[in-house]
Amino acid sequence: MLLGLGAFAGGAGALKAQESQAVDGLCAFNSDHLAEKLYVFPADKQASALFEDLLGMSGKKGKLSIKAANVPEIAAAEKGEQRFLFYDPFVINEFLKGRRKDWRVAAVIGHQIGHQASSHSFALEPRLRAEIELEADRFAGYLMFRLGAKLEDVETAVAGLPLKGDASYPDPPARVAAFREGWHDGKAEAGGGMGFDETTENIPQFPMWPPPRASGNMEIPSSLLIKGVSRPRLRDAAERILKALDSAGYGERSFYSVPDGFALVARIEQIYPDGRPKEGDARWPVSVEPPRVFDLRSYFRALFNSTPGFYRVIAFVVTSRPLIQSSDPTKSKAPRDWVWGGSNRLPTVIGFADYTANVSCTALIYEFQQASRGTDAVLDNPGLLTGRIHMERSALLAELEK
Amino acid sequence: MQAKQARIAKEDPLTNQQLVPMDRARNRLATLWLSAAALIFATLSIQSLRLVYGASVQEVWGWILPTLMPTLGMIVTVLGYTAVDEELSKAVVRRSFLAVAFWLSFCYLLLILMTIAMQPLSPANPVDLMRMSNLWLGPFQGLVASALGVLFVTKRQR
């Protein structure tokens, strides 16, 4: 293979230019076919122009060394500060000559350029490796849209890729979703909008980031969310929270994407001042209701006593980033409506991300108080109770601990 | 004596049974208004002190004072005036007009009380209910003020 590669790269002259290349880390599909020793040759102009054009589409211009090499199709690599793009000249030649675009090769090219455009390092521990692979997949999907691929082309191309899911790589469904998401990003950037494509997996972003300062919060121990899971992912945490919400009687909930994670928001509920939710149907109205059964005692109590309303919104934020809360007062009313703006489920691309040691789950509790019936409910900040008490009285903590 | 009565009856078609002394009429209306006003003010004061209206307490009193005070002011002023001038107490009023004035007052005061009493049974904001009640209390107040004005301000004597 090496001899043939040398001949393609320019006959005898190219042979002279052949040199072995050591790398610190490398990414290649079909890595089973990777030769033990890596030889590189000067790139031809057409291939260089192709890669530079594609890299330019990302809006990034880094120092990238493009070389023909004995790699399967195309590989991204690094050696110290130097970044490489290695390609199999036969494959790229076919790609350039082909009258119809070979979208499978385009997906591979896009993925490897995605690594370099995002300045990924390959000398990483496995959990981070999985994250950068998904990011490169998203970039590939984006690039394929820019090259004119339809969503079906992307799906067909990705189906032909040797995707493997192990400790270092995300599961194939997550990767397919990442390609799709990238394609939709490209479409959205081109003004195409999200449309009603049923395959889309984009979900709304959290309405404001960082989130407004909560009345209380509680860090949910990871052991409660991912216990007994050998390779925990964000979807495991999401399922655990959903189950707890269901058991604690919460109805509607909404998923939002947040940087490196997701947020799950429960419906606003009416509570007693001590944090217990109101019973039955009285839990859900967002106003203080008159007594349902008339009796003189409750009537006079209502006539001569203030009837403040207490409300609560719980948002679980699961992310590997540190959570900072905004203190912008203009956003303080917004949490009441969050449950109506998100998605009903977690997209695969987020759900399949690993629940690493960096990931934390924080329950943000927004308490609202309505001074009297019919008046505006305002955010209590800080709240009357701590986040932990809210979690206990809402029965969510007990459900998570089960 | 019988001749005198017959002469009076001939001059004035109204019999004594159809007439009520103005003093009694005024006292009857004043009793109604002052007791209803006391009940309303007591209720609103307790509610205000117990923060039933929260920050809207000023709006609540801004609603009740113009609703009651003009009429109450007139009633108390006239009662005081007649207390020191005996001549003004000799007037009479037709019983039927007193009944009209009384029932108009009664209904008006009942509507005000109901606006307050209905609050615990309504999901609406109490201040909104009070504002809404002005729609019917306003015209009603005009009628009541006219009726009471005649009764309390007239100086005609029989």
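Visitor: Which exposed residues sit on the face of α4(A) turned away from its buried side?

Guide: Glu94(A) and Lys97(A) are the exposed residues there. Bear in mind that this is a predicted model, where local features need pLDDT of at least 70 and side-chain atom pairs count only at pLDDT 80 or more, while totals for chains, interfaces and linings use all residues. Residues are numbered from 1 along each chain as its sequence is written, with chains lettered from A and ligands numbered from 1 in the order in which they are written.

Helices are DSSP runs of H or I, at least four residues, and strands are runs of E, at least two, numbered from the N terminus.

On the buried side of α4(A), which covers residues 89–97, you'll find Pro89(A), Ile92(A) and Phe95(A). Looking down the helix axis, these fall within an arc of 125 degrees, so they line one face; that arc is taken over the directions from the axis to the C-beta atoms. An α-helix has 3.6 residues a turn, so residues three or four places apart point the same way.

Asp274(A) sits in the loop between β10 (269–271) and α11 (296–304). Leu384(A) is 110 residues from Asp274(A) in sequence, yet their C-alpha atoms are 8.4 Å apart.

Technical notes: A residue is buried if 20 or more other C-beta atoms lie within 10 Å of its own, exposed if 12 or fewer, and partly exposed in between; C-beta atoms are placed from the backbone.
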